[in-house]
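This briefing sets out computed features of one protein chain, grouped by topic. Please read it alongside the sequence and the model.

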Amino acid sequence: IVASFPSMHKYFQLATKDPGNVVMNLGAIISLSGFMMSDVMHLRTLSICGSMCGIAFNVTRRPPQYNACLWGLVFVSVNVYHLYYLYLERNEDMTFNPDEMHLYSCQFKQWGVEPWQFKKLVRLDGCRFRRYNRGDVILNADRKLNDVLMVVRGEVGAERADRPPLAGKPMYTYRGDGQNGCVIGGTALVDCEVRKKKYPNRLVCEADDTVVVKWDTDELATVMKEDKEVESAVLHSLYTELIQGLRRDRANRREEDTADRMHDVLVGFEGLIDGAIENASREDGCLKLRPRDKREIRVYARENGVASAQRESLVRKHGWTTDEWEDGAKEISEKGG
């Protein structure tokens, strides 16, 4: 530390002799700090301060560097011009209608999107707010979807195209309450190939007074590239929808696997019933089941979850009543087989 005092003293002497060097280095630090700012307004403000320090340095040279000073003034002028319009943009009237305010509060505010950024988003030419009532068709199946839809409030269901609207429970829903995915067609923002495909399902409004906002996909993608906060908010909503989609796929696969397994179980169960009837003995005008076969069928049904109604249906299919099957005997005529 003691050894550093002479050098510090030397620097102090240089600064006293030529203050312009101090101003130049200070300006460089300020300009560098500006490049670290994510807010354009802060960046331009610090750039102006850095340029002013550079002008002060060039003026104090002997002879003065007027050419460099003029270029510095050009940079200052350009930054002041854009700073003025940024100030006007951020201080204009930021009033929102109820639908816009609901969308901003639920989907954008928590991700750092400022009101002026959101205002720019909803002012896009390709942005439209639409209101629907229950049963309204928002998009028919096998149509290309060139917009990104976000459910602001209410509920929209994806239904099969081969059934009338609201004829049954939808395959999945999009809701504007933050409890489910709310973005429709958002995959096109990250995968351009999706836009070449037709939307497979019909979109139907599931609740009255449902509000949906539509953005042109190209315009929304452009804003997302320019504004990282908007990009984060949209991608978060899209991520939520992708997670819901994965859950739906897993649920559908489980249902398909369960249906396939139950089909195999019932085929096996019917085979046991066929075998039991074939092994039945004829005594005193009755067809009597063997106790061993009945026990095997009973154990199989218990272990594989065959319901009583399924068992009764298969028994009736073979011409036996429930009581006859329980008794283990069925009366037959002389010509009965």
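Asp 147 is buried in this predicted model, because its relative accessible area of 16% falls under the 20% limit. Its salt-bridge partner is Arg 128, with the closest N and O atoms 2.8 Å apart. The pair joins distant parts of the chain, since Arg 128 lies in strand E1 and Asp 147 in strand E4, 19 residues apart. Arg 128 is partly exposed, at 23% relative accessible area.

**Other salt bridges**

- The search of the whole structure gives ten salt bridges.
- Arg 202 and Glu 159 form one of them through their side chains, at 3.6 Å from N to O.
- Arg 202 is buried at 9% relative accessible area, and Glu 159 is buried at 3%.
- Lys 288 makes a salt bridge with Glu 283, where the closest N and O atoms are 3.5 Å apart.
- Lys 288 is partly exposed, with a relative accessible area of 30%, and Glu 283 is partly exposed as well, with 35%.

**Sheet and strand pairing**

- An open sheet is built from four strands in the order E1-E10-E4-E7, with antiparallel pairing.
- Strand E1 (128–132) and strand E7 (183–184) are the edge strands, and each of them pairs on one side only.
- Strand E4 (residues 147–153) pairs with strand E10 (residues 210–216) in the antiparallel sense, over six bridges.
- Met 150 stands opposite Val 213 in E10.
- Strands of a sheet pair through backbone hydrogen bonds, in either a parallel or an antiparallel sense.

**Buried residues in helices**

- Lys 294 sits in helix H9 (residues 291–304).
- Lys 294 counts as buried because its relative accessible area is 18%, under the 20% limit.
- The side chain of Lys 294 reaches the backbone oxygen of Glu 326 at 3.0 Å.
- Apart from neighbours within four places in sequence, Lys 294 contacts Leu 289, Trp 325, Glu 326 and Gly 328.
- Lys 294 and Leu 272 are 22 residues apart in sequence, and their C-alpha atoms are 9.1 Å apart in space.
- Ser 51 is located in helix H3 (residues 40–59) and is buried, with a relative accessible area of 16%.
- Setting aside neighbours within four places in sequence, Ser 51 is in contact with Gly 72, Phe 75 and Val 76.

**Nonpolar surface patch**

- Tyr 81, Tyr 84, Tyr 85, Tyr 87 and Leu 88 make up a nonpolar patch on the surface.
- Together these residues have about 560 Å² of accessible area.
- Tyr 87, one of the patch residues, is in helix H4 (residues 66–90).
- The relative accessibility of Tyr 87 is 45%, so Tyr 87 counts as partly exposed.

**Backbone features in loops**

- The peptide bond from Arg 62 to Pro 63 is cis, with omega near 0 degrees.
- Pro 63 lies in the loop between H3 and H4.
- Asp 142 is not a glycine, yet has a positive phi of about 60 degrees.
- Asp 142 is placed in the loop between strand E2 (137–139) and strand E3 (143–144).
- Leu 166 also has a positive phi, of about 65 degrees, although it is not a glycine.
- The loop holding Leu 166 runs between strand E5 (155–159) and strand E6 (172–175).
- Leu 166 is partly exposed, with a relative accessible area of 27%.

**Whole chain**

- The protein chain contains eleven helices and 13 strands.
- Of its 337 residues, 34% count as buried.
- Among contacts in the protein chain with a separation of 6 or more, 74% are between residues 24 or more positions apart.
- The protein chain exposes about 20900 Å², and carbon and sulfur atoms supply 55% of that area.

Technical notes:
Residues are numbered from 1 along each chain as its sequence is written. This is a predicted model: local features need pLDDT of at least 70, side-chain atom pairs count only at pLDDT 80 or more; totals for chains, interfaces and linings use all residues. Side-chain values use heavy atoms; hydrogens and water are left out. Helices (H or I, at least four residues) and strands (E, at least two) are DSSP runs, numbered from the N terminus. Buried means under 20% relative accessible area, exposed over 50%, partly exposed in between (1.4 Å probe, protein chains only). Contact means heavy atoms within 4.5 Å. Accessible areas come from the Shrake-Rupley method with a 1.4 Å probe; for residues, only the protein chains shown count as cover. Patches are made of residues with over 30% relative accessible area and no salt bridge: like charges are joined within 9 Å, nonpolar side chains (Val, Leu, Ile, Met, Phe, Trp, Tyr) within 5 Å. A salt bridge is a side-chain nitrogen of Lys or Arg within 4 Å of a carboxyl oxygen of Asp or Glu. A polar contact is a pair of N or O atoms within 3.5 Å; within protein, one must be able to donate a hydrogen and the other to accept it, and residues adjacent in sequence count only if both atoms are side-chain atoms. Two strands pair if DSSP finds at least two bridges between them.
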